[in-house]
Structures are given as structure tokens and as C-alpha cells.
Amino acid sequence: MIQDKKIVFSGVQPSGNLTIGNYLGAIKNFSRFSDDYKTFYCVVDLHAITVRQVPAELRRRTYETLALYMACGLDEKKNTLFVQSHVPAHAELGWILDCYTMFGELSRMTQFKDKSAKHSQNINAGLFTYPSLMAADILLYQTDLVPVGIDQKQHLELSRDIAMRFNQIYGDTFTVPEGYISTDTMKIMSLAEPTSKMSKSDPNQNAVVYILDSKDDIIRKFKKAVTDSDSEIRFSEDKPGVSNLITIYGAFTGKSVEEVEREFAGRGYGDFKLAVGEACADGLAPVREEFARLMADKAHLEAVMKSGADEAAYYARKTMSKVRRKIGFVN
Ligand code: AQP
């Protein structure tokens, strides 16, 4: 296998039902790389257990996340689709990179601060070292480009620092990755608290639109979305709720902010919210249909997981043998 294409890696945690934030910020962008890059898209189950998961749900969501990748347009023949824990080299390199990541660096990660506040009963070491495992995921494949939402930018920068640190000590070992952050939809906000990110683990169901929500639920949630006491449909920092809806509407219709503002000039929030709900529900309808078809054939999903893991392990082995040799492990 000769690899001359540049490499793309990204992943999503099966830590909840996936949201339109995961879709617009990450998965929807993944397929644009399928033709010109060698792409690895992973269901990152090792990351998911940094927060307590119900085992049966974790298992089900792992299948569902893979099926959603495929339903969102990722062809298993063009992309390497796999489950992180099926390639043990992720955990192995994760440990090694822990030893090249500083306590101070990890302490500065905002996701760690946010999640340890949210899960104060379970501030485990894995939650703290999450970014070095993420660095391992990326560096294992000599990744050039990582499509992620802006919330992952800090982790990505740390991955770059770890790669450069390792390369400086041992000579060229890892490709230093670049992020690919889609600027128009980089952060989709909660519908209930539009200054916070929309998150799949948010306990408030009305704050989050899931990719697999029914059309009725989607429209209902958008109708309830928090806006403001003003009535102007205008993108602005002081109007986070309305701006978030403009972003979502633009993402599903392909319209620019100016076009959306013009379309709804002089119209009320009620009309606008309904239009956003309909655009979102209609945009997701083909994904939902394809998802149902894929989930009905578990054997096929398992075959995709297996061949994806075999291929990923092949690339991972090459990096690991280089890493082991450089560090001084006996082969
Ligand atoms: N609201 C968002 N807007 C844009 N992009 C987003 N992403 C997540 N939420 C948004 C992007 O989705 C990818 C996968 O995310 P993840 O599963 O690794 O974890 P996360 O960033 O922690 O996402 P969640 O939904 O907030 O999960 P929980 O609630 O489990 O922590 C990433 O590329 C992310 O940027």
C-alpha cells in the first residue's frame, strides 16, 4: 500500500445522540475530503468513557455513530471508518504521549475545566489526559488535516505542540497536523442558552436538536428557541439566540447571513423560527432515512468496523514501530 495522498483524521464520541452541532461543525464536512485525501474517521469510544456511560447505551451508540457517518455521506469504500478501541495502538500511543505532555498544559484545557465542573463526582485521570489521547489519535496516522468544530481548537493546538516536542527530541517522527475549521458553522449554540455550545450530553432536551429527531420535534424545539425581546432578525454579538438561528438556517439552505437577514427583514420571530425548523428537518430527512436503512443491517456495520480497523491498524503499526525504535523500546 503506497500512500501519496495527504491524510485526514477526525472522530466523534459515542457519548450521546449526535446533535446538529456535531453534524454542522464536523461530520457534514468530512465527506468533502473523501476523494482527494486518505481519510480516517473514527468513533472515539475510549474518549467517551472519560464520562460515565451505561454499557448497553455505549454499545448501541457506537453502532449508531458509525451508521450516522455513513448516512451523512461517508462511503466505507472511500473512507476508513472504524472504532477507536478496535485499534489498541491508540491507547498505547496515548500512554506514551502522556509522558510528553505537561501537567500545566493539561490544566489549562477549558474542556477539562468545564467537564470537571459538570462531573464533579468523577474527575478521573482520563478526563484530564483526554488531550494526549486525542493527540495520539491524530499523530498515529501521520495526519495532515483535522476537521473539527472550534471547541476542539485548543486540543488540536496541544496535539501540534506534543508532535513538535517529540520531533525535537527524537527527530522527525510525526507529521504536525493542521486544523480545518469550517468558519460559517464552527460553533452551533444551545437553543435554550445561546451563549453555551450545543452539546449532546446537555440534559435539557429542548436545548439540543438531535440529527435523528422527528420533524415535529425539530420544529417544536426551534419554536421554543430563546431569542430576545427585540424583533429584528439580525446577526450580531448582542443577539446570540437570533445569530445562532441565522447560522443554522444558512447552513441548511446554503444562504449567506446577508441573504437570510434580507429574506426575513420586517418579519417576526415566529415566522423565522418555523422556517429554521423546516429547513433543518428537511435537510436532515435523507440522513434519517439512510440511517434507518443502515441500522437494519447490523452485520454490514460490523463488517465495515472490522475492515476499517484492519486498515487503520496497518497504518498505526508503521507509526508505532518508528515511535518504539526512537524511544528505545526493544522490538
Ligand atoms: N455545538 C457544536 N458546534 C460545532 N461543532 C461541534 N462539535 C461538537 N459540538 C459542536 C464538533 O463535533 C465533533 C465531535 O465532538 P465530540 O463528540 O468529540 O465531543 P464534543 O466536542 O465534546 O461534543 P459534544 O456534543 O459537546 O459532546 P459531549 O456533550 O459528550 O461533550 C468535534 O469536532 C466537535 O468540535
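A disulfide is taken here as a pair of cysteine sulfur atoms within 2.5 Å, and by this rule the count comes to zero. The structure is a predicted model, in which local features need pLDDT of at least 70 and side-chain atom pairs count only at pLDDT 80 or more, while totals for chains, interfaces and linings use all residues. Residues are numbered from 1 along each chain as its sequence is written, and side-chain values use heavy atoms, with hydrogens and water left out.

**Cysteines**

- The cysteine sulfur closest to that of Cys72 belongs to Cys280 and is 12 Å away, which is too far for a bond.
- Cys72 is buried, with a relative accessible area of 12%, whereas Cys99 is partly exposed at 44%; buried means under 20% relative accessible area, exposed over 50% and partly exposed in between, with a 1.4 Å probe and protein chains only.

**Ligand surroundings**

- The ligand is surrounded by 21 residues, of which the closest are Lys115, Asp151, Ser199, Lys200 and Ser201, a residue being counted if one of its heavy atoms lies within 4 Å.
- By class, this shell holds six nonpolar, 10 polar and five charged residues, where Ala, Val, Leu, Ile, Met, Phe, Trp, Tyr, Cys and Pro count as nonpolar, Asp, Glu, Lys and Arg as charged, and the others, Gly among them, as polar.
- β1 (6-12) and α1 (20-30) each supply at least two shell residues, and α1 gives the largest share, four residues; helices (H or I, at least four residues) and strands (E, at least two) are DSSP runs numbered from the N terminus.
- An oxygen atom of the ligand is 2.5 Å from an N or O atom in the side chain of Lys200, while polar backbone atoms lie 2.8 Å from a ligand oxygen in Gly149 and 2.7 Å from a ligand nitrogen in Ile188.
- Taken alone the ligand exposes 640 Å², and the protein buries 97% of that, with areas from the Shrake-Rupley method and a 1.4 Å probe.

**Ser201**

- Ser201 lies in the loop between β5 (178-180) and α9 (215-224), and counts as partly exposed at 41% relative accessibility.
- Val51 is 150 residues from Ser201 along the chain, and their C-alpha atoms are separated by 10.0 Å.

**Helix α8**

- Helix α8 (residues 153-170) has 18 residues and reaches 26 Å from its first C-alpha to its last, close to the 26 Å expected at 1.5 Å a residue, a span taken as 1.5 Å times one less than the number of residues.
- Buried residues of α8 include His155, Leu158, Ile162 and Phe166.

Terms used: A polar contact is a pair of N or O atoms within 3.5 Å; within protein, one must be able to donate a hydrogen and the other to accept it, and residues adjacent in sequence count only if both atoms are side-chain atoms.
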